[in-house]
Amino acid sequence: MATMLRSAVLNPEAYRTVRAADGAKTGSNGSFRSLAPRLDTLSDKTVYLVDTGFGGSGKFLDQVQAWFAEYMPSVKTVRRRKTGNIFRDDTKDLWNEIREKGQAAILGVAG
Amino acid sequence: MAVATCSRTLEQEYGIPTAPVSTYEFSGFMRDDLKFHGIPLRVIYTPHPVVGMPPNILRNYIEGKDPATQRTVIEEVIEALTKPVSEDECTGDFAPVSRTDVRQTLLELDSEDNLQRLFYERGWTDGLPITLPTEERVAEMLTGTNRLADEVVTEIFLHDTQEYLQFTVEMVAIIGVMAGARPEHLPVLLAVASTGLPSIPGSTTPFACMLLVNGPIRNEIEMNSGIGAFSPRTLANSVIGRAWTLLTINWGYFRSKKQFWSSQGNPIGYGNMCVAENEERSAWEPFHVQQKFRAEESVVSIFRGWSFVNNVVGSSTRSVGEDTCVLLGAMPGLFSSATLILDPLVARHLKENDGFESKLDFARWISENFKMPAGQFWGTDLIHMMMAPLAEQGVEPYASWKKLPPETLIKPYNNPEGINIVVVGGETSPMWKVSDFAYATCASVDKWRPKPASDGCTDGTCGLPDDP
């Protein structure tokens, strides 16, 4: 029979949680925050295809662009690479351009 | 994850409807992220992976099914941008995953075998047996510092739960005991912990780290900087390196597909290339002095990257510099970062025979003489991921490099100060290692030490056990 240790053993995971990160925000009524208003249709709209920079994302969005050209040619697509660091939301120029010249965005591909 | 973060920004701050696309492998991460941030992004999933797939497969992904919903991906994309937002979509359980439960400080008394099993099954170890952190052992470990047991050493941020966790001196001491460390090792562990850097960063890539110790404490705690310094032979090197990974594990970084994503992993993580610089036999100033520390100060320095290659028999046909360039050809040249680990024989040869008066002199030579075709540089996915945005923003020299014909030679190590040089080895042969490791940070050990340093070792081999 195994012998019991005579001394107590400390838990290596007994750390303290300090606080949640600042991003922990929810809607004032306890619900999710709402999304931006959606478009009635994509026809005649400009959709930005934003490559966030992960491997293969650009080629995937090339195919999305080709699909729109073939099946929904009235949709104007603009292929762009996210500016700034691949891991951060440090982009302003492209987001401003999308607000100014576009109506929607497809972002990808996470993975 | 940038796709979710950027989509949130576009939705909330710019009023732009978005269709974020992720591979299905990251659906759990995405769900945690959406839940935490309380924004019901309409994420569309493709099969995994996307990287490396030919165009026809990617087209099939678009026209095929979302593995999460079994609906057509492109239809979901269109719907994500055009279907009106409903009230139902904005309700639900959005609370972040909480780790605020009060954790038991002492475990239930049990047998050694059962507790070893418990530690393993709870995911608190690296898979190898540990020394159980009993109250007595932890108290003994704490004699290695004059800091209070409850002093906070670092705060760790967990991406998946979006929380900050506090780690105290006592918790680092617990980990030190588990790794087999002695009290005299604790100041080094505290210095490492104080950086808040994990030995295995959360990434799908096989990240690895190197832990370098400089200054008098190297010899006081019998670290090996000489013969076989990177080999599994010396207590201080082994237990300090191991302790860093045990810290990382217990910071919560090893929960698969939460913080831990490395697809293949990296065996360097067992010991983290923990080593001391052979300052006594080096021809140049120690690394910590290059970082503006005083020579008599003890310092830990952390390097991060993925790979290293060895020169295995010295270099008689080409110069050391030329051979180093050949070895660097296997590295991506990311942000001009590399770390060269030279045996003291190599360092002295470079100084005395090749005329490099300092580490930086040799780094400048490498910077000037290593060349790579622009097409090879930009064709590396890591470079495309990390550096192409700089080119696009007009940052030089990347913007100019991006415009060059693929066969044009460029000098990727354009910043010599990004080429780190460390002297380690036992002088049995003039060999060296070349790695893509970048210098990350350093931290003083002395603030965690109970007493000033003393030095007795002169050849860097203090930590070696006696030969049988």
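**Working chat on chains A and B**

Biologist: What covers the buried residues of helix 4 of chain B?

Modeller: The cover includes helix 1 and strand 4 of chain A, along with strand 1, strand 2 (44-46) and helix 3 of chain B. A residue is buried with 20 or more other C-beta atoms within 10 Å of its own, exposed with 12 or fewer, and partly exposed in between, C-beta atoms being placed from the backbone. Helices (H or I, at least four residues) and strands (E, at least two) are DSSP runs, numbered from the N terminus.

Biologist: What kind of model is this, and how is it numbered?

Modeller: This is a predicted model, where local features need pLDDT of at least 70 and side-chain atom pairs count only at pLDDT 80 or more, while totals for chains, interfaces and linings use all residues. Residues are numbered from 1 along each chain as its sequence is written, and chains are lettered from A and ligands numbered from 1 in the order in which they are written.

Biologist: Back to helix 4 of chain B. How many of its residues are buried?

Modeller: Seven of the 10 residues in helix 4 (residues 73-82) of chain B are buried, so the rest of the structure largely encloses this helix. They are B:Val73, B:Ile74, B:Glu76, B:Val77, B:Ile78, B:Ala80 and B:Leu81.

Biologist: And helix 1 of chain A, which residues are buried there?

Modeller: A:Ser57, A:Gly58, A:Phe60, A:Leu61, A:Gln63, A:Val64 and A:Phe68. They pack against strand 2 (46-51), strand 3 (76-81) and strand 4 of chain A, and against helix 3 (55-63) of chain B.

Biologist: What span should that helix have?

Modeller: The expected span is 1.5 Å times one less than the number of residues. For the 15 residues of helix 1 (residues 57-71) of chain A that gives 21 Å, which agrees with the 21 Å between its end C-alpha atoms.

Biologist: What else is in chain A?

Modeller: Chain A has two helices and four strands, in the order β-β-α-β-α-β from the N terminus. Of its 111 residues, 35% are buried.

Biologist: How many residues does each chain put into the A-B contact?

Modeller: Chain B gives 92 residues and chain A gives 66. Contact means C-beta atoms, placed from the backbone, within 7 Å.

Biologist: Which element of chain B has the largest share?

Modeller: Helix 1 (residues 2-13) of chain B, with nine residues on the side that touches chain A.

Biologist: Which way do the residues of strand 13 point?

Modeller: B:Trp432 and B:Val434 point one way, B:Lys433 and B:Ser435 the other way, and all are buried. In a regular strand, side chains alternate between the two faces of the sheet.

Biologist: Where is the largest nonpolar core?

Modeller: A nonpolar core is a set of buried Ala, Val, Leu, Ile, Met, Phe, Trp, Tyr and Cys residues joined through C-beta atoms within 7 Å. The largest has 100 residues, and those with the most contacts inside it include B:Val172, B:Val188 and B:Ile240. Helix 10 (residues 235-253) of chain B gives the most to this core, 10 residues. Another core lies apart from it, with 48 residues, among them A:Val75 and B:Leu58.

Biologist: What does B:Val188 touch?

Modeller: Leaving aside neighbours within four places in sequence, B:Val188 is in contact with B:Val213, B:Ile217, B:Ile221, B:Ile240, B:Val300 and B:Val445.

Biologist: Last one: where does B:Thr195 sit?

Modeller: B:Thr195 is in the loop between helix 8 (186-194) and strand 5 (208-214) of chain B. With 17 C-beta neighbours inside 10 Å, B:Thr195 counts as partly exposed. Not counting residues up to four places away in sequence, B:Thr195 touches B:Ile302, B:Thr441 and B:Ala443.

Terms used
Contact = placed C-beta atoms within 7 Å.
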